[in-house]
Amino acid sequence: QVQLVESGGGLVQAGGSLRLSCVASGRIFSTFTMGWIRQAPGKEREFVRGISWSGGRTLYADSVKGRFTISRDNAKNTVYLQMNSLKPEDTADYYCAASTRVVMSPRGMDYWGKGTLVTVSS
């Protein structure tokens, strides 16, 4: 019932910025949590940022605090991830995901996009 499509990934040098977008279609309810999850080569999936659809409360991973910002535009059914001061270790596939409840773990997500690749060169 929910489809998520990410965009905005690409190649950027260390210290640069990228803005990822996730457009959701279908039924997005006020209780939903929208989030970004990443998976780097050889590593497990990691929760990066989350935001409640209705109130805009954000959840974050300590590793990116102060560098990544999540936001949403309910009218456009879109969630954004602004990534600044990118580091090579940020290189990963970034997935947009949604949950029908408040979660901050990949295991709790109900819907997933196909991902967009972010590559940060050193």
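Q: Which residue stands opposite Tyr80 in strand 8?
A: Ser21 does. Keep in mind that this is a predicted model.

Q: How many bridges join strand 3 to strand 8?
A: Six, between residues 18-26 and residues 78-83. The two strands run antiparallel.

Q: What sits over the ring of Tyr80?
A: The charged end of Arg19, 3.9 Å from the ring centre.

Q: New topic. How many aromatic pairs are there?
A: Two. Phe32 and Tyr111 are stacked, 6.4 Å centre to centre with 20° between the planes.

Q: Where do Phe32 and Tyr111 lie?
A: Phe32 is in the loop between strand 3 and strand 4 (33-39), and Tyr111 is in strand 10. They are 79 residues apart in sequence, so the pair ties those parts together.

Q: Is Phe32 buried or exposed?
A: Buried, at 2% relative accessible area. Tyr111 counts as buried too, at 16%.

Q: Why is the pair of Tyr95 and Trp112 edge-to-face?
A: Because the planes stand at 75°, and over 60 counts as edge-to-face. The ring centres are 6.1 Å apart.

Q: Which strands hold Tyr95 and Trp112?
A: Tyr95 is in strand 9 and Trp112 in strand 10, 17 residues apart. Tyr95 counts as buried at 19%, while Trp112 is partly exposed at 30%.

Technical notes
Residues numbered from 1 in each chain as written. Predicted model: local features only at pLDDT ≥ 70, side-chain atom pairs only at ≥ 80, totals over all residues. Heavy atoms only, no water. Pairing = 2+ DSSP bridges. Helix = DSSP H or I, 4+ residues; strand = E, 2+ residues; numbered from the N terminus. Phe/Tyr/Trp six-rings, centres within 6.5 Å; stacked < 30°, edge-to-face > 60°. Buried < 20%, exposed > 50% of the residue type's maximum accessible area, 1.4 Å probe, protein only. Lys NZ or Arg CZ within 6 Å of the ring centre and 35° of its normal.
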